[in-house]
Protein chains: 2
Amino acid sequence: MSISTKPPSGMRDFLPADITRRRHVIKVIERIYEAHGFVPLETPTIENLATLTGKYGDEGDQLLYRLLHRRDALKRALDKEDVGEADLADQGLRYDLTVPLARVRAQYKDLPRFFKRYQIQPVWRADRPARGRFREFYQCDVDITGTESLVAEAEVCSAVSQVLTELGFEKFTILLNHRQLLRQLIKAAGIAEEMEGTALVAVDKLDKIGEEGVIAELSERGVSDDSSRKLLDLIKAADSNEATLEKLSASLDTEEAVQSIADLRKVLELSQSTAASGHLRLHPALARGLGYYTGCIFEIVVEDLNGSMGGGGRYDGLVGMFGKEQIPAVGFSLGLERILLVMDERNMFPPLSEGPDIMLCWMGVEEAQLLKAANVLRKQGLKVEIYPEGKKLGKQLQYTDNAGIPYAGILAEEELEGGTITIKNLKEGIQTNMALQEAGNLIRRRS
Amino acid sequence: MSISTKPPSGMRDFLPADITRRRHVIKVIERIYEAHGFVPLETPTIENLATLTGKYGDEGDQLLYRLLHRRDALKRALDKEDVGEADLADQGLRYDLTVPLARVRAQYKDLPRFFKRYQIQPVWRADRPARGRFREFYQCDVDITGTESLVAEAEVCSAVSQVLTELGFEKFTILLNHRQLLRQLIKAAGIAEEMEGTALVAVDKLDKIGEEGVIAELSERGVSDDSSRKLLDLIKAADSNEATLEKLSASLDTEEAVQSIADLRKVLELSQSTAASGHLRLHPALARGLGYYTGCIFEIVVEDLNGSMGGGGRYDGLVGMFGKEQIPAVGFSLGLERILLVMDERNMFPPLSEGPDIMLCWMGVEEAQLLKAANVLRKQGLKVEIYPEGKKLGKQLQYTDNAGIPYAGILAEEELEGGTITIKNLKEGIQTNMALQEAGNLIRRRS
């Protein structure tokens, strides 16, 4: 047979040990998000393309997975003269968790005004796979809808900061900027308004392509080198947040700029009372690729990791794209795969137990008696596997040890007659005969 | 704007109350599956079509979701003369959890010989949506690979039976049959071997179309009415399992029939020692649609539910379709949506708490002080929301009550000066002023 048994490129199988680590992290995230008053939401894997397209920029639209029409709809499409992508699909896979939230917020009129939701689900992007970058990956989002209050910005930063702290990250930085401020900086550099999008895209790549790269890219699009250099100078952070705020205030005096600087100052001030304290750093060069941000924007960076561990921002216009009502919103998304990658490299996981506590091994007894004994042990809260075949006892014990199961429970005629079981601790090699009813206590006490 | 905000047909949004109920059920399933020694596995949403096609029968192949090629691959496909479905896609969405397990079993050589895994994930089928039938739905599978021992059959039946029992189902029946037996019955009815598949498909519909329907369908395919009637007679269950076994033994005498009757007898006998005791019923008419079964087959039915709540069986040939090695396997799949549907209709859910414990309401204090107080309460294990805007206190309390949050924590100048908080129980209307540090104890004690 020649069917490949590997998962498709960019996709992964999660074996039991992987899942144990993933669940450990997800459990912390859920607990901290819930402590911050967020409630869970899940949205379908498949969305209408009308929901997805036009929200993520041109690059995003190209990375969407589209579902091929079936049967009659496919036949009708293929009968067309000049059939193209748009004729062949009208549904696609979830690309992020923010656009589905905006759709949900517009759809359900009964949601509380300040609907605060968290969502931990996979998303799909047909991107080129690389280290820590997959085509199916989990995002862990918190969003607060319904308010323009900057308490919301402080709360989402607090939630993600506490998650990282509890997972054992000490040094992490939340880069902070403001979309309106960045627009004002572009304007102050003398770059024409119609080139704003181009300038945002170029600035977003600063870390990757360097200053000369940004200048070259902007020059190609007709922005003068003088303007580019001025912009690069304006978006340079000073040594401290306070010094950066002062520098920005000195460079800009439009109403929008004054307001966005005041917003940033307030988020920094509020965050001094939260888990984000000491982790926020003003970074006027931060652009964030996605098209829908309108206010504060965030990105989390840690040492030794290219790219970010998460990001977010305020998007006051997105919900209004789906309904009549404009509903302001701000959110933060943690990337599960990046967190796991770094935790793995730095050995940050605590000891995590997985798999059965005990394997029932047997000799000269009926299989029905095994199942009965397993039932008794399971009622004591133990995770019990049964060796399914009548092999030699030594072979059964060897298998149990190889599988990493800490205890073997041996049942033979002697045990059966006395209503007992022989419990063998495979690591220590000690074995004890005891009443079946007491095995649970012994094993729980020792593990 | 004219974008629909509903999820696509057959897809659902899960709001917080839905998720609370879903998690309750999933938690029970995970606990019982782990008690039975199963370990978790997750496989990707997207699989190669080569993995998926040809495993589920013709109908299954038609219900697969296929992913449209992108960019160059799409262009190349559309440049072809007579482009069809096969040119436009080579990946699709997971259709069940058994075929991915078979692929995984063939791929990873280090898995334990008796790899017992559980998997709780959504699958996708482009079926016509109906009551309790969705296009995205969760399956909860247990499978034991690597053994032909019937202890494995007994274990998967025990696991799903204990799940249903713990969820509060008292009357449920696991219909039990054997694929080899059914083949022998078809043969004994005088139906030609090449019509065996046709007969299986027709028998599978017996519940829906009745005896006359089965006879008509088989007649159309050239099976004589005599043979059809004989088959219908042979597959009729007697009053008890024992009587059915006797009836089958009297009707059949081939080696295969004797062996499969012995298998069924043993599974029934072993199950008397497990949680499945009293729930298994021999049902020789059970066929199970999927193509890959080779031995015992199961299906769970409950009163007031059309269709099954789950099913499974032995499939000793499937892993071998992916690798050189034939690895026997048996599994059982519970349908989460069906379980939830029945539990909902019968009011079987215990009281489940959801959402924040307390809303911080405020008046005349700084927002930074609110965030600080929230931090203190969260450290006590409480789920804390902050009213994000400076509205009148009455309005804040009203919102909190409407949102179903049981406690309001009021912070005003007086509280702030004394380092206290006023905790109001909104249901009882009682309020108490206390140290911030003590609020956690009060709230946990009362909820």
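**View 1. A:Arg314 and its bridge partner in chain A.** In this predicted model, A:Arg314 finds its bridge partner, A:Val330, in strand 11 of chain A. Strand 10 (residues 310-314) and strand 11 (residues 329-335) of chain A run antiparallel and are joined by five bridges. Two strands are said to pair if DSSP finds at least two bridges between them, and helices (H or I, at least four residues) and strands (E, at least two) are DSSP runs numbered from the N terminus. Residue numbers start from 1 along each chain as its sequence is written, while chains are lettered from A and ligands numbered from 1 in the order in which they are written. Because the model is predicted, local features need pLDDT of at least 70 and side-chain atom pairs count only at pLDDT 80 or more, whereas totals for chains, interfaces and linings use all residues.

**View 2. The open sheet of chain A.** Eight strands with mixed pairing make up this open sheet of chain A, in the order 1-5-6-11-10-9-7-8. At the edges stand strand 1 (39-40) and strand 8 (280-282) of chain A, each with a single partner strand, so one side of each lacks a neighbour in the sheet.

**View 3. Helix 6 of chain A against the sheet.** Helix 6 (residues 98-107) of chain A packs on the sheet, where it touches strand 5, strand 6 and strand 11 of chain A. Its direction makes about 45° with that of strand 6 of chain A; axes are lines fitted to C-alpha atoms, for helices over the stretch in contact, and angles run from 0 to 180 degrees between N-to-C directions. Nine of the ten residues of helix 6 of chain A are buried, so this helix is largely enclosed by the rest of the structure. Among the buried residues are A:Pro100, A:Leu101, A:Arg103 and A:Arg105. Here, buried means that 20 or more other C-beta atoms, placed from the backbone, lie within 10 Å of the residue's own. These buried residues pack against strand 2 (46-48), helix 2 (49-52), strand 5, strand 6 and strand 11 of chain A.

**View 4. An antiparallel pair in chain B.** Nine bridges pair strand 5 (residues 116-124) with strand 6 (residues 136-145) of chain B in the antiparallel sense. Look for B:Gln121, which stands opposite B:Gln139 in strand 6 of chain B.

**View 5. Helix 9 meets helix 10 in chain B.** Helix 9 (residues 196-204) and helix 10 (residues 206-220) of chain B pack at an angle of about 145°, with their axes 7 Å apart. Helix 9 of chain B contributes B:Ala199, B:Ala202 and B:Val203 to the contact, and helix 10 of chain B brings residues including B:Leu206 and B:Glu217. Residues count as in contact if their C-beta atoms, placed from the backbone, lie within 7 Å.

**View 6. Where chain B touches chain A.** Here 83 residues of chain B are in contact with 83 residues of chain A. Helix 15 (residues 367-379) of chain B gives the most to the side of chain B that touches chain A, with six residues. That side divides into 45 nonpolar, 17 polar and 21 charged residues; Ala, Val, Leu, Ile, Met, Phe, Trp, Tyr, Cys and Pro count as nonpolar, Asp, Glu, Lys and Arg as charged, and the others, Gly among them, as polar.

Key
Contact = placed C-beta atoms within 7 Å. Buried ≥ 20, exposed ≤ 12 C-beta atoms within 10 Å, placed from the backbone.
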